[in-house]
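Hi everyone, thanks for coming.

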Amino acid sequence: MLCAHWSRLRRVSSRSCCATALRSTHSSTRLSSSPERIMKTFCSVWLLLSVVELSPAQEPPLPETAEDMASTGDLEPTHYPARRAAQVALHYLNTRHGSPFRVFGLQQVHKASAEDVEAGGRKYKLDFSVTDWASGSAGPALRCSADVLFPRTERHSAPDVKLRCEALQQINRTVQEEEAFYQKHIPPDSAVSARDIPDSYGNMSEEMQPFWRLARVAASFIMLRESSENTEFNMVQMASVTQQESSEEQLMLEFVVLLHDLPSQEIVQWKLLASWSPDRGVRVLQTEWQPRCPHATKPPN
Amino acid sequence: HTMDEISAWMNQMERENPDVVSSMIYGKTYEDRNITLLKIGFESTTPKKAVWMDCGIHAREWIAPAFCQHFVKEILGSYKSDSKVNTLFKNLDFYITPVLNMDGYIYSWKEYTTRLWRKSRSPGTGDCTCFGTDLNRNFYANWGMVGISRDCCSDIYNGPTALSEPEAKAVTDFLGAYQNEMLCYLTIHSYGQLILVPYGHPNISAPNYDELMEVGLAAAKAITAVHGKSYKVGTPPDILYANSGSSRDFARLIGIPYSFTFELRDEGNYGFILPEDQIQPTCEEAYQGAMSIINYVHDKNFKSAAITVTATLWTTLTALYISSANVF
């Protein structure tokens, strides 16, 4: 009787308590003795106490199998397939709306689903929130929805993203800072150049932050293009920035960025040429993948 | 802190707290360095139950060794005044390795271009020109089955064979020797803000998966309470990526019931190169998470006084029942 309700309890004492309770009910032909009554009362109290201590706060989610993931339907928002697709949508958002003073990061995926499509790809539908990293934890969260299509072609091709974010135009545009930054560096004698931002110890000067964010936004073009369901990219360092001669009133910057892919744990190096102005935003003009040497430090025999 | 600074600090901890801290060398790295842990707890003539923590299996995850140092500092600074920590010291021994992959860690400090090194520093075998094996793919736990690369230049190269790396072998031998005492295995990494439970293989579940998830979720809650950062909890195939040969899986497979991987800050903004002003807060929140797990494990194995009294009462009543039944 009581045992059925409290079947989650694993303590030996409570099991033997249950067993005793059962035994005492079965032996009801005997006169109900006082030890029996004491036993039953104690048993109930004991079980009650145990339940109060042990009841968990939440049900843990059931493990998903690979088969679950591949099939059509709802995805667990905290699991990686939804998160990877959301990151791709984030890269797209940053290419459109990122600036030296605004980089968006994923806050949370609320809902996600995926389905295979006719042309042989997989389309994810996502409902998620983003925050502007540049404004720190004080910034508001923006609600977005996106369709992310990963094509399944023999050679890799970029995912396709359709994105809608609420109130994008209403969040504080960092117009003044952008103008000031632009005016400071557009004159011909500005020749900014720096390496290893942040440095090995995580240090980044305030002066360098807008350049780091620009690198991050420019890198988003590459991360967006290179992403698949089996990758998850982040930029881990701006290896270098070298200002080029301004062209068409755009700041011209040559970056070398280091990207990290989570599943393979590889560090991937890209050189790229990007332009920026407050009006036109970030555009990437050239990209070049660069091999990294540290792996092969052993001279060939 | 550099490896030298950490080693010096470990010596200092031992010198300054001789009644609760002792160091043990339990292996050598490829480059012949002594892999050292700090054993922390009250001395005892009988074998004690134990909790293991290792940091720095992956060289570039600098926040992890920082956390091990913070953890040691916290427990040494509170065991006299905090009764909970005092009880932990009485009933448990902590075995803490601040930097497991010493070769890799030192290499990552060498210059800017080496900062993002991950693996060990053993040279490639055969005609491989690249260095290093991913220590967290090298353990004898579904070795080579999933989430690895056989390309020795890859950052997830699992080694020519399982346990080819002396660092992995050292941990394996130690855990094997302390199998019966070890209650809890914690391994600290970055980044991702995750608490991972076994197993890395998508088709296997730990027998106590439900309990591990409960404990993990409670730890994540404790972490969020400190600075508001959210940590996700789950198996790697669910929330990160499938993998095999991990130390966490090995620990669970040999029977250590509570085995967790912590992936500390952040979620990809700065990644491995965390800003200095985030080191302390990250360590503070991770400390609460780790303690949440350790306290659970302790309380489960060392029943509190109230429960002991109830158990005694229960035994007495059973005896009464049996004796009175016999009379009938």
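**Around Glu263(B)**

Let's start with Glu263(B), which touches His189(B), Ser190(B), Tyr191(B), Gly192(B), Gln193(B), Leu194(B), Leu196(B), Tyr231(B) and Leu240(B), leaving out residues up to four places away in sequence. Touching, or contact, means heavy atoms within 4.5 Å. Before I go on, some housekeeping: this is a predicted model, where local features need pLDDT of at least 70 and side-chain atom pairs count only at pLDDT 80 or more, while totals for chains, interfaces and linings use all residues. Residues are numbered from 1 along each chain as its sequence is written, chains are lettered from A and ligands numbered from 1 in the order in which they are written, and side-chain values use heavy atoms, with hydrogens and water left out.

Back to Glu263(B): it sits in strand β8 (residues 258-264) of chain B. Helices (H or I, at least four residues) and strands (E, at least two) are DSSP runs, numbered from the N terminus. So is Glu263(B) buried or exposed? It counts as buried, because its relative accessibility is 8%; the cut-offs are under 20% relative accessible area for buried, over 50% for exposed, and partly exposed in between, with a 1.4 Å probe and protein chains only. UniProt, in an unreviewed entry, puts the feature "active site" at Glu263(B). UniProt positions are in the numbering used here, feature names are shortened, and annotations may be inferred rather than shown by experiment. An unreviewed UniProt entry also lists residues 1-297 of chain B as "domain: Peptidase M14". That span is 37% helix and 17% strand, and its end C-alpha atoms lie 31 Å apart.

Now for some helices in chain B. Phe89(B) is in helix α3 (residues 83-91), and it counts as buried because its relative accessibility is 0%. Its contacts, again leaving out residues up to four places away in sequence, include Val20(B), Ile40(B), Phe42(B), Ile75(B) and Phe94(B). Ser108(B) is 19 residues from Phe89(B) along the chain, and their C-alpha atoms are 34 Å apart. Ser108(B) is one of the buried residues of helix α4 (residues 102-110) of chain B, along with Met102(B), Asp103(B), Gly104(B), Tyr105(B) and Tyr107(B). What do the buried residues of α4(B) pack against? The answer is α1 (3-16), β2 (34-40), α2 (63-78) and α5 (166-177) of chain B.

That brings us to α2(B), which packs with helix α9 (residues 279-301) of chain B at about 65°, with the axes 9 Å apart. Axes are lines fitted to C-alpha atoms, for helices over the stretch in contact, and angles run from 0 to 180 degrees between N-to-C directions. Among the residues that meet there are Phe67(B), Phe71(B) and Ile75(B) from α2(B), and Cys283(B), Tyr287(B) and Met291(B) from α9(B).

Last stop, chain A. One open sheet has 5 strands in the order β1-β2-β3-β4-β5, with antiparallel pairing. Two strands pair if DSSP finds at least two bridges between them. β1 (73-75) and β5 (160-165) are at the edges with a single partner strand each, so one side of each has no neighbour in the sheet. β1(A) is joined to β2 (residues 104-117) of chain A by 3 bridges, and Leu75(A) stands opposite Ala112(A).
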